Amino acid sequence: MPVEEFVAGWISGALGLVLGHPFDTVKLLGFFKGMSFPIASIAVVNSVLFGVYSNTLLVLTATSHQERRAQPPSYTHIFLAGCTGGFLQAYCLAPFDLIKVRLQNQTEPRAQPGSSPPRYQGPVHCAASIFREEGPRGLFRGAWALTLRDTPTVGIYFITYEGLCRQYTPEGQNPSSATVLVAGGFAGIVSWVAATPLDVIKSRMQMDGLRRRVYQGILDCMVSSIRQEGLGVFFRGVTINSARAFPVNAVTFLSYEYLLRWWG
Ligand SMILES: CN(C)C(=N)NCCC[C@H](N)C(=O)O
């Protein structure tokens with residue numbers, strides 16, 4: 001199994017994250033101290049995403065990354081490989097994303113002298129507390145919603161990227177840096193617009209159970225969110241998600257493509 005795609009995915013995910021971090025922190029007006037935890041986690045997750053995507057395409061089309069410019073895969077194969085990558089990355093992402101959401105939502109003012117410390121003191125303490133208080137399965141709270149969010153939308157992500165690259169690149173050639181940046185950025189925006197409704201539900205499921213269980217499941221969470229807040233609830237955060245998605249994914253695709261070209 002070729003591993004370059006896993007390594008390129010690892011590095012490009014970390015680079016994309018550096019750009020996305022300020023948006024992620026602003027998103028919930030919370031604080032998410034330090035970058036080492038997000039960098040480490042996103043690098044692993046991106047490596048799974050790109051590695052599984054490329055290796056699934058290899059199985060489906062019998063072409064390696066280098067051969068795909070001359071023999072472009074069909075959009076159906078791209079979509080299926082993207083969905084497979086999205087499905088598997090969601091499971092790796094689930095515990096990291098849960099910790100991120102729990103820390104971001106911890107918006108109590110920072111400890112004043114004499115006040116009690118925050119519930120979670122950092123990523124490791126957060127993971128250990130969830131494990132202790134909610135059991136090992138607690139670390140995967142919201143994982144189904146995350147899988148439903150990522151499986152189709154990562155398919156859309158790769159279709160948009162490939163479609164735009166093909167549109168603006170002469171046949172058989174590699175796309176230019178400008179094309180990769182724009183196609184990557186738009187792939188990020190389109191997929192995040194599609195992902196936002198389930199992103200809202202996923203975050204609510206991840207916060208559920210902290211004090212008491214409110215929702216019986218994904219459907220119940222959807223229905224009660226719509227009842228209480230109307231359909232607009234599904235678009236909460238869509239602007240910040242899109243603003244973050246462009247630079248993050250432009251840089252992720254540019255570094256991924258160039259690392260693979262560089263390694264031949
Ligand atoms: C819409 N979704 C879930 C995606 N397109 N996922 C693929 C990776 C996105 C990138 N790591 C990011 O954080 O934007």
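User: Which residues does the UniProt annotation "repeat: Solcar" cover?

Analyst: The model shown here is predicted. According to the unreviewed UniProt entry, the annotation "repeat: Solcar" covers residues 73–167 and 175–262. In the model, the span 175–262 is 77% helix and 0% strand, and its end C-alpha atoms lie 14 Å apart.

User: How do you know that the count of disulfides is 0?

Analyst: A disulfide is a covalent bond between the sulfur atoms of two cysteines. The rule asks for two cysteine sulfur atoms within 2.5 Å. For Cys-83, the closest cysteine sulfur belongs to Cys-92 and is 16 Å away, which is too far for a bond. For Cys-126, the closest cysteine sulfur is also in Cys-92, at 18 Å, again too far for a bond. By this rule the count comes to 0 disulfides.

User: Why is Cys-126 called buried, and why does Val-124 count as exposed?

Analyst: Buried means under 20% relative accessible area, and exposed means over 50%. Cys-126 has a relative accessible area of 0%, so Cys-126 is buried. Val-124, which lies in helix H4, has 69% relative accessibility and therefore counts as exposed. The C-alpha atoms of Val-124 and Phe-37 are separated by 9.0 Å, although these residues are 87 apart along the chain.

User: What makes the nonpolar surface patch, and why is Ile-11 called partly exposed?

Analyst: Val-7, Trp-10, Ile-11, Leu-15, Trp-262 and Trp-263 make this patch of about 640 Å². Helix H1 (residues 4–27) gives the most to the patch, with 4 residues, and Ile-11 is found in helix H1. The relative accessible area of Ile-11 is 33%, so Ile-11 is partly exposed, that term standing for values between 20% and 50%.

User: Why is the contact between Glu-162 and Arg-69 called a salt bridge?

Analyst: The definition requires a side-chain nitrogen of Lys or Arg within 4 Å of a carboxyl oxygen of Asp or Glu. The N to O distance between Arg-69 and Glu-162 is 3.8 Å, and their side chains meet in a salt bridge. This pair links distant parts of the chain, 93 residues apart: Glu-162 is in helix H5, and Arg-69 is in the loop between helix H2 and helix H3. A search of the whole structure finds 14 salt bridges.

User: What makes the pair Asp-199 and Arg-149 tie together parts of the chain?

Analyst: Their side chains meet in a salt bridge, at 2.6 Å from N to O. Asp-199 lies in helix H6 and Arg-149 in helix H5, so the pair joins parts 50 residues apart in sequence. Both residues are buried.

User: Where do Arg-261 and Glu-257 lie, and why is Glu-257 called buried?

Analyst: Both lie in helix H8, 4 residues apart, about one turn of the helix. Glu-257 has a relative accessible area of 4% and is therefore buried, whereas Arg-261, at 27%, counts as partly exposed. Salt bridges that share partners join Arg-69, Glu-162, Arg-166, Glu-257 and Arg-261 into one network.

Key:
Residues numbered from 1 in each chain as written. Predicted model: local features only at pLDDT ≥ 70, side-chain atom pairs only at ≥ 80, totals over all residues. Heavy atoms only, no water. Buried < 20%, exposed > 50% of the residue type's maximum accessible area, 1.4 Å probe, protein only. Patch = residues over 30% accessible without salt bridge, like charges linked within 9 Å, V, L, I, M, F, W, Y side chains within 5 Å. Areas by Shrake-Rupley, 256 points an atom, 1.4 Å probe, with all protein chains shown as cover. Helix = DSSP H or I, 4+ residues; strand = E, 2+ residues; numbered from the N terminus. UniProt positions renumbered as here; feature names shortened; annotations may be inferred.
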